[in-house]
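Dear colleague,

Please find below the sequence and structure that I am handing over to you. My findings follow directly after them.

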Amino acid sequence: VDFILNPVSGQDNHIMYVLGDMHLAARNYDLDQFRTFANDLNNQITSNGSIKQYALTLGDMTWEVYWHQFTLSQYVTEINTLFPGLQIFHTIGNHDHDVNAAGDFNTVLEYFSNLGPNYYSFNIGKVHYVVLDNIYCQNTGDGTDNSRFYEESLDSEQLAWLKKDLSHVDKS
């Protein structure tokens, strides 16, 4: 995808909220608990109103074995409803890979269609953020816990991309 990057001033002083392991699945009151958390975070966002604010998830926004109850698409709707105006960057976690798909590439297709790339970088102010996918799935695709197999590693394609990406970052 080709797009133009436009610099935005006034972001050297910003806040990055970090959200991890939400495991939203519409079970055991997890959505109610998350909505309570969202209320607290929105109060924090309001109290820091004049500062640019963003969020970065650290993966496991959902829980793939419960996608029949709560999908990534529903997560996107929920997060956009709870945090209107807050730009959120996402990191894929092991539970955001499709348990019903076989092979690493196929397990991230649902993530791609709902949230975007599984690895990327971005700049805010003077900070260069790098988001990687360290989950290499070798699922068989039959949708059971026994079909789930992954290891934590970075493939050569990501490492080559990272090397190229960092070559454009001022070393200071």
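The protein chain exposes about 10300 Å², of which carbon and sulfur atoms supply 51%; accessible areas come from the Shrake-Rupley method with a 1.4 Å probe, and for residues only the protein chains shown count as cover. Please note that this is a predicted model, in which local features need pLDDT of at least 70 and side-chain atom pairs count only at pLDDT 80 or more, while totals for chains, interfaces and linings use all residues. Residues are numbered from 1 along each chain as its sequence is written, and side-chain values use heavy atoms, with hydrogens and water left out.

Overall form

The protein chain contains five helices and seven strands; helices (H or I, at least four residues) and strands (E, at least two) are DSSP runs numbered from the N terminus. The radius of gyration of the protein chain is 17 Å, close to the 16 Å that the globule rule gives for 172 residues, so the chain is as compact as a globular protein of that length. Here the radius is taken over C-alpha atoms, and the rule is 2.2 Å times the number of residues to the power 0.38. Along the principal axes, the C-alpha atoms fill a box of roughly 50 × 40 × 25 Å.

Of the 172 residues, 40% count as buried, that is, under 20% relative accessible area with a 1.4 Å probe, protein chains only. Among contacts (heavy atoms within 4.5 Å) between residues at least 6 apart in sequence, 73% join residues at least 24 apart.

Strand S1 (residues 14–19) runs parallel to S2, and six bridges join them; two strands pair if DSSP finds at least two bridges between them. His 14 has Lys 52 in S2 as its bridge partner. Strand S2 (residues 52–57) is mostly covered, with five of its six residues buried.

S2 is also one of the elements against which the buried residues of H2 pack, alongside helix H1 (30–47), strand S3 (87–89) and helix H4 (109–115). In helix H2 (residues 72–82), those buried residues are Leu 72, Tyr 75, Val 76, Glu 78, Ile 79 and Leu 82.

The hairpin of S4 and S5

Strands S4 (residues 120–124) and S5 (residues 127–131) pair in the antiparallel sense over five bridges. Within this pairing, Asn 123 stands opposite His 128 in S5. The hairpin has two residues between the strands, and Gly 125 takes a positive phi near 60°.

With kind regards

Note on methods:
Buried < 20%, exposed > 50% of the residue type's maximum accessible area, 1.4 Å probe, protein only.
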